[in-house]
Amino acid sequence: MSGPSTYVPKSAIGRWFESRLPVMGLMHSSFVSFPVPRNLNYMWTFGAILSFMLIAQIITGVVLAMHYIPSATEAFTSINDNIMRDVNYGWLIRYMHTNGASLFFLACYFHMLRGLYYGSYKAPRELLWIIGVVIYLLMVGTAFLGYVLPWGSMSFAGATVITSLVTAIPVVGVPIAHWLWGGFAIGGPTLTRFFSLHYLLPFVIAAMVGLHVWAVHVTGQNNPDGVEVQNAERDTVPFTPYATIKDLFAVAVWFILYAWLIFFIPNYLLDADNYNIANPLVTPAHVVPEWYLLPFYAILRAIPNKLMGVIALLASIVVLAFIPWLDRNPVKSAKYRPAYRLFFWVFVAICIGLGWIGSQEPNDTMSLVARILTAGYFGFFLVIMPVLSFTEKTKPVPVSIADAVLAKKPAAAA
Ligand code: HEM
């Protein structure tokens, strides 16, 4: 979409540089002249918000790593005493990083739901979507590894519950668990390898985001009406200033939310149990993951068999990669798909319900509701999407993006 650059540097130095390494031309065609659909709404600013959060997490993470000590005897104090009290502004960097993880996931859920609602996973954006699913998996892995690092009692319990899941694999499960732990139980060697991987994965995420954004530039962006660009002149506006200003505004608003969390309720999303040092002999009364992983935790616990639970947990994310082929309806946007739109909101309610159940003590009633909601979660992808592909009566879709915009402004159209 961005095509060959028409950028011509004004200065002689610029021309010398550009003829040898056309970085400015690439930037210009990607972020200045790049044509964006003129009907994009604020849901299309979450890509920029996510990029901002990724950079914030990497910068604060690198600074934290300068003071963190990845050892089972010192990790807890290096965070709770040194970083939180002794290091200049260490408390700020730490609260930015822990709350940043939550806001990163929140933005990611908005971004994914936007894609699901407007059919951004459909051709020609299947690969773009699948790269997104890979990024999400990497984010889940990174968040889990990071949560273990403070070596609090919830870190230890979380690491135990999740790494022990591999023991459900027949024959090789236990040797794999020992290999993951670096010994016969979770301890110092587990912590050092988790730290090493937690430092590495964000850079893998950054590389995947590079591919993701490249793919956006090849296919062009989808839009709220789900019709492809036909006439660039009528249907699009240049990325700068239109999308740049809108993205900057959205990032600024998100930043206010971020600052409010950090300065007013920095511990609201954290678990009090994690302010107790890890002790293999004392497990917290109620082991729960961070809020953003609760729906998956509910799916894991909904299945009585451990191996099947692990398979359901993995399947609940992997199924996302297949939706470009599960939903065959040619109409992309839920704006023109009343039945899909209804089921979409039911799906959102199911995810919230699963999240709530994941935070509760398990009992018979909860397990029953969790099973019903798990069936609903998979039912949305495996039954509703394929069935609606061929049976749904869709509304008439506008011929072009310009038509959709002008239909809203009859005076301008006249
Ligand atoms: C670190 C995480 C991520 C970053 C930084 C990121 C960044 C971006 C950016 C900058 C865009 C273009 C602007 C926009 O549409 O908002 C975009 C588009 C898109 N992203 Fe992501 N993304 C991330 C995660 C994901 C995930 C997890 C998924 C799905 C599973 C996903 C799916 C998509 C899709 C389908 C589009 C095209 C949307 C359209 O044009 O309608 N992304 N992303």
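Let me start with Val166, which, leaving aside residues up to four places away in sequence, touches Gly173, Ile176, Ala177 and Leu180. Please keep in mind throughout that what we are looking at is a predicted model. Val166 itself is found in the loop that runs between α7 (153–164) and α8 (173–181). If you then look across to Ser389, which is 223 residues away from Val166 along the chain, the C-alpha atoms of the two residues are separated by 37 Å.

Stepping back to the chain as a whole, the domain assignment divides it into domain 1, covering 1–33, domain 2, covering 41–289, and domain 3, which is made up of 291–327 + 338–393. Taken over C-alpha atoms, the centres of domain 1 and domain 2 are 33 Å apart, and the contact between the two draws 6 residues from domain 1 and 8 residues from domain 2.

What is the area buried between domain 1 and domain 2? The value comes to about 620 Å², with carbon and sulfur atoms giving 59% of that area. On the side of domain 1 that touches domain 2, the residues divide into 3 nonpolar and 3 polar, with no charged residues.

Salt bridges do occur in the structure, however, and the number is 7. In general terms, side chains of opposite charge can pair when their charged atoms come close. One of the salt bridges joins Lys335 and Asp225, whose closest N and O atoms are 2.9 Å apart. Lys335 sits in the loop between α14 (323–326) and α15 (338–358), while Asp225 sits in the loop between α9 (188–219) and α10 (232–235), so this pair ties together parts that are 110 residues apart in sequence.

Let me finish with the ligand, which is surrounded by 21 residues, the closest being His111, Ser120, Gly132, His212 and Asn222.

Note on methods:
Residues are numbered from 1 along each chain as its sequence is written. This is a predicted model: local features need pLDDT of at least 70, side-chain atom pairs count only at pLDDT 80 or more; totals for chains, interfaces and linings use all residues. Side-chain values use heavy atoms; hydrogens and water are left out. Domain bounds come from an automatic or database domain assignment. Contact means heavy atoms within 4.5 Å. Buried area is the accessible area (1.4 Å probe) that two parts lose on being put together, summed over both. Ala, Val, Leu, Ile, Met, Phe, Trp, Tyr, Cys and Pro count as nonpolar, Asp, Glu, Lys and Arg as charged, and the others, Gly among them, as polar. A residue is near a molecule or strand if one of its heavy atoms lies within 4 Å of it. A salt bridge is a side-chain nitrogen of Lys or Arg within 4 Å of a carboxyl oxygen of Asp or Glu. Helices (H or I, at least four residues) and strands (E, at least two) are DSSP runs, numbered from the N terminus.
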